[in-house]
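Please examine the sequence and the three-dimensional structure shown here.

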Amino acid sequence: MRKALLAARRALPDATRAGWDAAIAQRLLDWCAQENVKELGVYWPLHGEPDLHGAYAQLAARGVQLSLPVVLEKHAPLAFSDWRPGEAMVKDGMGVAVPAQLRLRPAPATLLVPCLGFNGERYRLGYGGGYYDRTLAATPRPRTLGIAYACLAASFPNGTYDIALDHIMTEGDLYCQAR
């Protein structure tokens, strides 16, 4: 299923992806303002994930403290580094962009989680490394906002260690935690 979803995402026309990214970015900006988000863990897009860099710059200009996830060791939760749009970046051992000067900090109160796919119960399908699941199993658990294209909704069972996200935001919908 991962291969099929990744292929579907990569096959999206650039113009479609750009329009959907803009819609998600605007929804994210509105949501952060409505929820009064002060600190936000963001992600650097990989493999055709929604690119929200424009929203990140606007959030930083509003005074939201941004951080990026960092893999410090395999089979461990993610660490987080303070980050400002435009600062120098380097690739880590997995090829992911991280700040050249790591400034480690506690996990942010709210965390964007990129989704390769997602189901109706707000479980995400990632790349299979388990980093986000291990991060969300820690306490205190950050509030989570999955980011995905709506066309990547899929039917799949959750695993024993999977943790449902609080919300999943797409270009057209917000799937919320039942209250």
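## Terms and basis

A residue is called buried when its relative accessible area is under 20%, exposed when that area is over 50%, and partly exposed in between, with a 1.4 Å probe and protein chains only. By this rule Arg105, at 15% relative accessibility, counts as buried.

This is a predicted model, in which local features need pLDDT of at least 70 and side-chain atom pairs count only at pLDDT 80 or more, while totals for chains, interfaces and linings use all residues. Residues are numbered from 1 along each chain as its sequence is written, and side-chain values use heavy atoms, with hydrogens and water left out.

## Overall form

The C-alpha trace spans about 40 × 35 × 35 Å along its principal axes.

Of the 179 residues, 45% count as buried. A contact means heavy atoms within 4.5 Å. Among contacts between residues at least 6 apart in sequence, 67% join residues at least 24 apart.

Strands count as paired if DSSP finds at least two bridges between them. S7 runs parallel to strand S1 (residues 39–41), with two bridges joining them, and Gly41 stands opposite Leu111. S7 also pairs in the parallel sense with strand S10 (residues 143–147), over five bridges; there Ile147 is the bridge partner of Pro114.

Cys115 is found in the loop between S7 and strand S8 (117–118). Cys115 counts as buried because its relative accessibility is 1%. Leaving aside neighbours within four places in sequence, its contacts include Arg9, Leu125, Ile147 and Leu165.

## Salt bridges

Side chains of opposite charge can pair when their charged atoms come close. A salt bridge is a side-chain nitrogen of Lys or Arg within 4 Å of a carboxyl oxygen of Asp or Glu. The structure holds five salt bridges. In one of them, Glu35 pairs with Arg143, the closest N and O atoms being 2.9 Å apart. Glu35 lies in helix H2 (residues 14–35) and Arg143 in strand S10, so the pair ties together parts that are 108 residues apart in sequence.

The side chains of Arg105 and Glu39 also meet in a salt bridge, at 3.0 Å from N to O. This pair links strand S6 (residues 104–105), which holds Arg105, with strand S1, which holds Glu39, 66 residues apart.

## A nonpolar surface patch

Which residues make the nonpolar surface patch of about 290 Å²? The patch is made by Leu72, Leu102 and Leu104. Patches consist of residues with over 30% relative accessible area and no salt bridge, like charges being joined within 9 Å and nonpolar side chains (Val, Leu, Ile, Met, Phe, Trp, Tyr) within 5 Å. Accessible areas come from the Shrake-Rupley method with a 1.4 Å probe, and for residues only the protein chains shown count as cover. Leu72 is exposed, with a relative accessible area of 52%.

Note on methods: Helices (H or I, at least four residues) and strands (E, at least two) are DSSP runs, numbered from the N terminus.
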